[in-house]
Amino acid sequence: MRKNISVLLAGLALFCLIGCVSSPQGASDKGYAPIEVSVPERPAGQQDVIGLTVPKLGTVRVGFIGVGMRGISAVERWTHLPGVEIKAICDLRPELVERAQNTLVKAGLPKAEGYSGTEDAWKQLCDRDDIDIVYIVTDWKHHAEMGVYAMEHGKHVAIEVPAAMTLDEIWSLINTSEKTRKHCMQLENCVYDFFELTTLNMAQQGLFGDILHVEGAYIHNLEEFWPYYWNNWRLNYNNEFRGDIYATHGMGPACQLLDIHRGDRMKILVAMDTKAVSGPELGKRYGLTNDSIEFQNGDHTMTFIRTEKGKTIHIQHDVMNPRPYSRMYQLTGTNGYANKYPIEEYCFRPDQIKGDDIPNHENLNMHAAVSEEVKATLMKKYKHPIHQELEETAKKVGGHGGMDYIMDYRLVYCLHNGLPLDMDVYDLAEWCCMAELTRLSIENGSAPVAVPDFTRGGWNKVQGYRHALVK
């Protein structure tokens, strides 16, 4: 049934893309003319930061802005990382800063300098000269502003998802990173999950052949979490904005599989949503800052993307309704298939996975995945080097099963060794742009929208996604 639905949705997206109905004025003979989104000229004297490296840092000195729901977990994880110093902690609420200080003391570390109490206390943290990277874990609306300010004051930045909500914010982060030559990384943890990274390794070694289609999502009933968002900021955002406002968990792994801006680029998208039903009810239950407007975001949003090289991506978002958690994570290749939710499974052409170390699977047919025995053998054989090194420690430290720790470890490892980060500012841009571009499509009758080239011509400069060296 799941595959049939995917085929139906893909067909619907194709219908929209090729313009089977009467074309509006100005449309070409090949279908609807997409809505174009301008790409600002690169400021004079700037260059891209593809593959950016900076001098090695013997010790990575960090300051945290925001230590509420996610931030306090980040502070705790960093107490387990080698070669770091936690220099400063900031939150608008003094009691949260104190809680984070207690976390440091409990870990046997000195207290950090604390900042709180005013709306711009975070700027004092960024102004310090003993911090190398600012780790931003606030509400979405402040992410980009803080990232830009921190880079302008000589700091690298790591920003929670989504790092930016508008195209203006995205271009501001890109331009500032290029101008200052500072790293600007989005803290997308899902690219480090165990099935995803193992499958990426398989894909990079050619097991799936030519990958044609990938899927991702954020389907998570947030019923138990809504009361804990400070000042109800997340529900307020859904009330005021339409579109896929939280796409990065699905986009990150999908884009890495397709080498986005490393040999291919997203070219056009179409989005649509359901009516808003559960959202308005939640608004009545928890209260909204602006309850005078009609609730904007549909309960369920779907986005279809086509790349320059003819690959496709399907992304979904639903945080309103009682569905099992899913990030979908699915790929279809000419020689194989992978799927994570609701069960982890692989399917290959029989001649793809022959070998003395692979159990016999002569009874494999096109109606079933490989056996559990074959899957276990494959996942062991293709375990990513990052997991070979970090899996045991990551699962002890935790953070969404360990992937948060791996994300932080990799960030620090690359800074220690002067290597390009696993995710750059263009990844941030491509994964975050869904918020505004999907809104643009939906509000124009699910019209096709051209996806900007955030690299401004550099999307084919590097061939193939690769992590920096793993020791």
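**View A: The largest cavity holds about 60 Å³ of space.** What you're looking at is a predicted model, where local features need pLDDT of at least 70, side-chain atom pairs count only at pLDDT 80 or more, and totals for chains, interfaces and linings use all residues. Residues are numbered from 1 along each chain as its sequence is written, and side-chain values use heavy atoms, with hydrogens and water left out. On a 1 Å grid over the protein atoms alone, a cavity is a set of points where a 1.4 Å probe fits but cannot get out, while a pocket is an open set with protein on both sides within 12 Å along at least five of seven lines; lining residues have an atom within 4 Å of a point. Points are joined across faces, edges and corners, and a volume is the space filled by probe spheres set on them.

View B: At least two lining residues each come from α3 (94-106), α4 (121-127), α5 (140-152) and α8 (233-240). (Helices, H or I over at least four residues, and strands, E over at least two, are DSSP runs numbered from the N terminus.)

**View C: F64 and Y135 make one of the aromatic pairs.** The structure has 21 such pairs; rings of Phe, Tyr and Trp (its six-membered ring) pair if their centres lie within 6.5 Å, and planes under 30 degrees apart are stacked, over 60 edge-to-face, the rest tilted. The ring centres of F64 and Y135 are 5.0 Å apart and the planes meet at 50 degrees, so this pair is tilted. F64 belongs to strand β1 (residues 60-65) and Y135 to strand β4 (residues 133-136), so the pair ties together parts 71 residues apart in sequence. Both F64 and Y135 are buried, meaning under 20% relative accessible area, against over 50% for exposed and in between for partly exposed (1.4 Å probe, protein chains only).

**View D: W140 meets W233 inside an aromatic cluster.** Stacked or edge-to-face? With ring centres 5.1 Å apart and planes at 75 degrees, the W140 and W233 pair is edge-to-face. This pair links distant parts of the chain, with W140 in helix α5 and W233 in helix α8, 93 residues apart. W140 has a relative accessible area of 2%, so it is buried.

**View E: N232 sits in the loop between β7 (211-219) and α8.** Its relative accessibility is 10%, so N232 counts as buried. Leaving out residues up to four places away in sequence, N232 touches W226, Y286, G287 and L288; a contact means heavy atoms within 4.5 Å.

**View F: Helix α15 (residues 434-443) has several buried residues.** They are M434, A435, L437, T438, S441 and I442. What covers them? The cover includes α6 (167-180), α9 (248-257), β8 (266-273), β9 (301-307), α14 (425-432) and β14 (449-450). Just past α15 comes G445, whose phi is positive at about 70 degrees.

View G: Most residues other than glycine have a negative phi, and most peptide bonds are trans. V161 and P162 are joined by a cis peptide bond with omega of about -20 degrees, and P162 is in the loop between β5 (156-160) and α6. From Y341 to P342 the peptide bond is also cis, with omega near 5 degrees; P342 lies in the loop between β12 (336-339) and β13 (345-348). R181, in the loop between α6 and β6 (184-187), has a positive phi near 60 degrees. At 31% relative accessibility, R181 is partly exposed. D259, in the loop between α9 and β8, has a positive phi near 55 degrees, and at 24% relative accessibility D259 is partly exposed.

**View H: Zooming back out, the protein chain has 15 helices and 14 strands.** Of its 471 residues, 58% are buried. Among contacts between residues at least 6 apart in sequence, 76% join residues at least 24 apart.
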